[in-house]
Amino acid sequence: MAENIEMPQEVASDPVQAAIWEQLTARRTFAQEDAPTLALLCYWHAVANQAREAMALGGTAYKPIRGKGGKRLKMMRKNPALTVLKEASTEIRALSDQLGLSKSARNVTVQQARPASAHGKLLTLMFDDRETRAKAAGA
């Protein structure tokens with residue numbers, strides 16, 4: 001239960017992570033063994049926030065490359081915070097799925113739990129085939 005899950009010290013010591021922990025545990029019930037995964041999710045949210053702040057201070061996701069004498073060249077370089085934000089987003093998505101927080105993770109759980117009739121099995125095969133073909137086509 002959310003009341004029984006204890007916030008780890010490393011989460012409690014960071015106001016951003018602590019706020020995310022409180023938000024997540026207020027809306028949902030977690031088991032104590034979910035605490036390490038929740039802590040990682042809070043950490044990556046804090047990293048994403050820092051990367052967004054760094055990008056906001058720097059102006060854009062891409063910056064011009066300067067040549068000798070400070071002359072602006074036609075090439076651009078990626079803001080390093082963009083790479084950090086992308087990695088944090090990937091981790092957040094994976095951890096959210098692991099905890100069943102994302103819509104796609106909930107759909108998989110519901111589909112696995114639902115018994116299929118003969119017609120339901122046919123529809124499942126049909127939609128799985130469509131999904132496979134769409135992925136193969138690059139959609």
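**The nonpolar core and its surroundings**

Guide: The largest nonpolar core has 23 residues, and those touching the most other members are W21, L24, L38 and L41. At least two residues of this core come from each of helix 2 (15-27), helix 3 (35-58) and helix 4 (80-99). Helix 3 gives the largest share, 10 residues. All of this is read from a predicted model. The mean pLDDT of the protein chain is 80, with 74% of its residues at 70 or more. Confidence is highest in helix 1 (residues 9-12), at a mean of 95, and lowest in helix 5 (residues 103-113), at 58.

For context, the protein chain has 6 helices and 2 strands, in the order α-α-α-β-β-α-α-α along the sequence. Of its 139 residues, 26% are buried. Among contacts between residues at least 6 apart in sequence, 54% join residues at least 24 apart.

Setting aside neighbours within four places in sequence, L24 is in contact with F30, L38, L41, C42 and L101.

The buried residues of helix 3 are A35, T37, L38, A39, L41, C42, W44, A46, V47, A48, A51 and M55. Helix 1, helix 2 and helix 4 are included in what covers them. As background, an α-helix has 3.6 residues a turn, so residues three or four places apart point the same way.

The structure holds 1 aromatic pair. Its members are Y43 and W44, arranged edge-to-face, with 5.3 Å centre to centre and 80° between the planes. W44 counts as buried because its relative accessible area is 15%, under the 20% limit. Y43 is partly exposed, as its relative accessible area is 40%.

Y43 is also a partner of Q17, a residue of helix 2. At 8% relative accessibility, Q17 is counted as buried. Apart from neighbours within four places in sequence, Q17 is in contact with E10, V11, A39, C42, Y43 and A46.

The segment before helix 1 contains I5. This residue is buried, at a relative accessible area of 7%. Not counting residues up to four places away in sequence, I5 touches W21, T25, F30, A31, Q32, D34, A35 and L38. W21 and L38 are also among the core residues that touch the most other members. I5 and F30 are 25 residues apart along the chain, yet their C-alpha atoms are separated by 7.0 Å. F30 is also one of the contacts of L24.

Strand 1 (residues 62-66) and strand 2 (residues 72-78) run antiparallel and are joined by 4 bridges. Y62 has K78 in strand 2 as its bridge partner. The two strands form a hairpin with 5 residues between them, and in the turn G69 has a positive phi of about 75°.

How values were computed. Residues numbered from 1 in each chain as written. Predicted model: local features only at pLDDT ≥ 70, side-chain atom pairs only at ≥ 80, totals over all residues. Heavy atoms only, no water. Core = buried A, V, L, I, M, F, W, Y, C linked by side-chain atoms within 4.5 Å. Buried < 20%, exposed > 50% of the residue type's maximum accessible area, 1.4 Å probe, protein only. Contact = heavy atoms within 4.5 Å. pLDDT = per-residue confidence, 0-100. Pairing = 2+ DSSP bridges. Phe/Tyr/Trp six-rings, centres within 6.5 Å; stacked < 30°, edge-to-face > 60°.
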